[in-house]
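Dear colleague,

Please find the structure below, together with its sequence. My notes on the ligand and its surroundings follow.

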Amino acid sequence: MTGVSDKPLLQVLGGHRPQKTPMWMMRQAGRHLPEYLELRGRAKDFLDFCYTPSLASEATLQPIRRYGMDGAILFADILLILDAMGLDVRFEKGIGPIVQQIEKAADLTQTPAVKAADRLSPVYETVRRVRAELPDETTLIGFAGSPWTVGLYAIEGRGKTDKSTAKRWAYEQPDELAGTLDALVEATAHYLAAQVEAGAEALMLFDSWAEGLPDDVFQTIIIEPTRKLVDRVRTLGVAVPVIGFPRGAGVMAPLYFEKTGVTGLGLDTAVSPGFINEKLAKAVPVQGHLDPLLLIAGGPKLDQRVDELLEAYSGRPHIFNLGHGVMPETPIPHVEQVVARVRAWDKA
Ligand code: CP3
């Protein structure tokens, strides 16, 4: 392939500003959609759903059909890699994920990385099916959790904790934490490379728990493992763009961009456009970052903020998105309102 892609989302990640502002929303598939809830009822549990390509591919396509989003995010979960690496992973209604806790790095290195990635072959089948059905202008985004965020679930055993057990490893068992993150880098790299081989056209790394870390710890547990992951993915021959999303990185976000080698920076709800535009070179592609709670609230303030964000990033490559995922109680007409507003802004 030569020249510039004709897909707006890939054009932005290539550093351009296409006529159409590409948009999608994190967690656009899932529980705010009645058609997802209907589909979800057909699987025994959430893991089973993720491992059934007919269901997972349909769930990926539902928000594309309903809203005409420019990005289709593969329907899967960041915790599948832990299941594939041999830990017991369950999703309990009302509680969220429950993961078999590890006590040391060796608890996570029982399964060779390539074998773990091989176990996720149903996910690659989902990628192939989605790619075959997507409209020409839509980009298929594969993803994984970043090493810290995924490792944190294995160390804490669940997500709804104060995260202090995992954070203390950074000080009290730094070698065990480093070994855990290295194991995740290797398995995740093979997993991402296989998604691209199956047809993913861009990748996203979710670091949902990058918030609240001291700057030195942020460098060792967020930036360094992410840099290793991006490097490893490249040595495996992957050339597609990578969006890094260090949620809650705050003032560390520009350094994260400079040091990790990601192609674009995913911005969270709390960051200010003024800060980003001051600290990041104009050519750097950004993605974000409407508040998911404003999306629930709706009304004229929603239109106003959409315009503000579009205006703020009009001087750089920008993918419109939320600052975190769509919440289950989000009214569908509010999502439609945002889509219409973004499309109208392009024409104005
Ligand atoms: O549209 C999409 O984004 C679909 C694909 C997707 C899911 N999870 C499906 C899902 C993606 C990209 C994720 C990523 C993910 N998973 C993250 C990173 C993004 C973020 O939100 O910070 C994290 C931290 C997880 C871990 C996870 N998975 C949690 C904490 C939970 C329970 C809380 C919740 O929202 O239910 C899940 C379950 C999950 N993952 C659901 C979906 C649609 C709900 C399961 C159901 O339908 O019952």
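How far is an oxygen atom of the ligand from a polar backbone atom of Ala29? The distance is 2.9 Å, in a model that is predicted. This is a polar contact, defined as a pair of N or O atoms within 3.5 Å. An oxygen atom of the ligand also lies 2.5 Å from an N or O atom in the side chain of Ser208, and a polar side-chain atom of His324 is 2.7 Å from an oxygen atom of the ligand. Of the 860 Å² of accessible area (Shrake-Rupley method, 1.4 Å probe) that the ligand has on its own, the protein covers 86%.

The shell around the ligand holds 21 residues, each with a heavy atom within 4 Å of the ligand. Among the closest are Arg31, Tyr36 and Asp77. By class, the shell has 13 nonpolar, four polar and four charged residues.

The ligand sits in the largest pocket, as more than half of its atoms lie within 2 Å of the grid points. A pocket is an open set of points on a 1 Å grid over the protein atoms alone, where a 1.4 Å probe fits, with protein on both sides within 12 Å along at least five of seven lines. Its lining, residues with an atom within 4 Å of a point, comprises 45 residues.

Residues are numbered from 1 along each chain as its sequence is written. In this predicted model, local features need pLDDT of at least 70, side-chain atom pairs count only at pLDDT 80 or more, and totals for chains, interfaces and linings use all residues, while side-chain values use heavy atoms, without hydrogens and water.

Yours sincerely

How values were computed: A polar contact is a pair of N or O atoms within 3.5 Å; within protein, one must be able to donate a hydrogen and the other to accept it, and residues adjacent in sequence count only if both atoms are side-chain atoms. Ala, Val, Leu, Ile, Met, Phe, Trp, Tyr, Cys and Pro count as nonpolar, Asp, Glu, Lys and Arg as charged, and the others, Gly among them, as polar.
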